[in-house]
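Let's take a walk through this one together. Have the sequence and the 3D view open as you read.

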Amino acid sequence: MTDPRLREWLLRWEEGDLTPSELEQLAGLLREDPQARRELRLHSMISSEIEQALHSTAAPVESAFRTRNGFWRRLAVAGLAAAFVGAVLVIALRSRKEPAEFPAASRRVEPEQVGRSVENPKKVSIVRREPGPEPAPSPVLPKEPERLAPPLPETPAPEVPKAPNPPGPAQPEPRPEPRESKPMPSEPKSSPPSAPTVSVLATLERVSGTVFVLSGAERSAAKAAQGIRAGQGLETQGSSAEAVVVYSDLTRLNFGADAALGDFSDIAGGKRLTLGRGMMAVDLATQPEAKPFLVKTAQAELRSVGGYFVLSCDGESTRVDVGSGKVRLMRVQDGRSVEISGGQFAQVASGFEFSPRPLLRADKKKKSKKDLELEVKVTSAVRCGLCVLEEALGDMPVTPSDPGVALPVDLALWAMECGGVPETDPGFQKLLANMLAAELRLTYKVALQALVLEDLDRVKYQNRIAQCAQFLVDNQCRNGQWSYGEPVLGADFAPVGGKVRKENPVSTAATPDSSRGPDSRERKERPKVVQKLAVQKRREGPPRGDNSNSQYAALGLRACSDAGIVLPLDVLKRAQAWWREAQGASKKGDAAGWSYGEAPSPLGRSAYGSMTAGGAGSLVLYHYLLGEPWMRDDAVLKGLDWMARHFTVSENPYPDEAGRKNDPSHFYYLYALERLGLLCGMETFGGHEWYAEGANYLLKVQKPDGSWAPQPDSSRVIDTSLAILFLRRATRPLIDVASVDKTYPK
Amino acid sequence: MAKEEVVRLFMKHQRMLREFILTLIPDPNDADDILQEVSVIVLAKSEPPRDLQKFPEWCRGVARNVMLHHWRRQKKTFSPPSARFLESVEIAYQEGDALEEEMSLRRKALHECLKTLPEASRALLELRYVQRAPSQEIARTQGSSPAGVRMTLMRIRQSLNSCIQGRLAGESR
């Protein structure tokens, strides 16, 4: 029997009212149930025929309005619609002030609602096509001279955002009037005794997780629709905590996890508050020039009269990322101030130049409000994930001779490095010291070590990185792959053009680098390589390996190369040749992927997501190392096509192995996807914004304690590390790789 | 394949193609734009498959590419359906290719059945499928709930299905 939800889902899909999760369930149902597919086919036929049949027999009075492009008809419908919503619309528009950069539709979108139900403007009751005597159109229809005009206003007028919680007596009015004429609702129970004389400044629109309202020394649980009074503060606790505060002019403050702020005040009409710690996304309605919005932190004072920006503060530094508008940031220490415009950031921290600098995102464009909101959530999630790692690794007995334990440790160290844990952190230093003291073994570990050291300081650790290169070069299999590898004896490397010299082991006592802040990954100045060291291949590895070790070896070789290690050309070419050879034949169109070992074949294992993303990414890396353009390589393009066709973030895609569930390599795939996206400079695969979709997915499945481990048999440390690597966009993009997203795939 | 043959085949499968597009892009205005682009490609630019049996599948492939472009253009306001959903829909239509004759009879029967619908049901269908009013809007104007509107729509569809079955059974006797 067909699932009873099918018909309702189909109706809601037509309306654009299906959530992504329901759509996935619908897709699953259709795949499994032939009767459901037949139902879908009939449903579509009936919808199409109803539309055409009734359209052609529309009421005469209506058809009188129809013209070739439907303009007058739309105008007539608009008039009717306007009459229906007029009064509401006028009220809403009067009570609303929008910053120029953000249209009304983008004012407030719940993550769950991102999709057509909110944003799709196609809910307007307009018919623009001409009626015809025959329902079926002719094969080549004359193209209309002009496109449809922008949609008319929706029947529901733009509404002031309101709390999603069930309505109650304390819920604010849907369209709050200015404070002078209509005070915001109050919360008598949570107010201090003196509260009745203090006006409500703003309202808590949304509360999730553990959030407190602070009133002097008192602390009470925050509730949606609760008013915030002068002198009060807020505190969010835990990875899932979030609070949204809305002022009467629709200025909106969004606080992420573990934020503390206080001293809400309204001095002579200017909004003020203090941010003690955490992140705050501010969507600031236009303020009078004389009454700017003002936020104080321990290090800085921020002023703005409108725009969108994110302010973060960790006790030692303050940073602001500006999406739109302008922000003036004053350094408390010396009173110096800078103006930061949209697309720039500035930071007040020891060791950082205090000046506006461009945001260093891979896309090099101004961050949208949506991007910045996602960033707030991601930063909070990463912070909680890092705490999990530090806690887990602190309890873990790590000994250099225990590779089974040390593998997740090396991955965690890489995640901590990318997550912004300072090198001075005692936990980080302990892990780093252990890693440097241990013998080099296992391809994964050596590659990760090269990544960590190159990112930390490629000059200081160059010798150790050269040892990593020696391990990788000597352990390459005869077919160009890598297996787990065997330890190598010593390492011989020579300055390019100079004599071979014996290794010069690095000191494990790293000098603390206190200039590295929590968010330093994106803007850390890497020291210039002062000398290049050439490594020679000294032995042959085993006959063959696997594509998992091989893709991490490619990452390690790239790190070595970036650290000034000159790698043998033969090693790079052999590895590149392997990846080309190991690609499966095109099955559908131009798409072809990779499997764990030999080339995918009908008799062997099929191509799947993690290996294809890793394989295509590895090929791109070898092109980079060999100084060739990867865009001319058919194998890479076929791999990208494969990813476009089978893109998903909710699982490691195995298109030819239906029913594969609970795959422990899911997050391993996500990190491979991240690498491919950044190495190729692509923002989308098959029309999917891989980062936004992946990040939202990871935010959704993060556990309350801040960890990730979606499958019962997956490792908490490994999955949390991989999630952090994805969220932090750990892979450094290749130099001179322009985004090709606008032209590919065709 | 001769151009006339391509035109004939395209005419034959045009309704199926429109339904396929409408399944993935439920707005008929957009669906017709897509269909128009597909028709231009099929009739003027591309080389159709030699195997006539594969013509509908090939047309859907063209349509899918055009729709991908459409979604890319609209990516700021619309999240395209997943590859899994696309594949499921394609499978549904592949299976239906063999039943195209039956579908043609169903379409004809449906037109007759629509004429027998009560006026209130016709009005609701017109609101939903011609005016493109979502259930929420209809519910607001009728003082009911969106779920109630959808339930009514499901019942009307069910009655249409029964009517179609009855007519097909009557014709076959």
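Where is the place of Ser665(A)? Ser665(A) is in the loop between helix H15 (634-646) and helix H16 (666-680) of chain A; helices here are DSSP runs of H or I with at least four residues, strands are E runs of at least two, and both are numbered from the N terminus. Before going on, bear in mind that this is a predicted model, where local features need pLDDT of at least 70, side-chain atom pairs count only at pLDDT 80 or more, and totals for chains, interfaces and linings use all residues. Residues are numbered from 1 along each chain as its sequence is written, chains are lettered from A and ligands numbered from 1 in the order written, and side-chain values use heavy atoms, with hydrogens and water left out.

Ser665(A) counts as buried because its relative accessibility is 17% (buried is under 20% relative accessible area, exposed over 50%, partly exposed in between, with a 1.4 Å probe and protein chains only). Leaving aside residues up to four places away in sequence, Ser665(A) touches Asn652(A) and Tyr654(A), contact being heavy atoms within 4.5 Å.

Now look at helix H12 (residues 547-562) of chain A. This helix has 16 residues, and 15 of the 16 are buried.

Finally, try the strands. Strand E12 (residues 344-348) of chain A has 4 of its 5 residues buried. 5 bridges join E12(A) to strand E10 (residues 318-331) of chain A, running antiparallel, and Thr318(A) stands opposite Val348(A).

Technical notes:
The expected span of a helix is 1.5 Å times one less than its number of residues. Two strands pair if DSSP finds at least two bridges between them.
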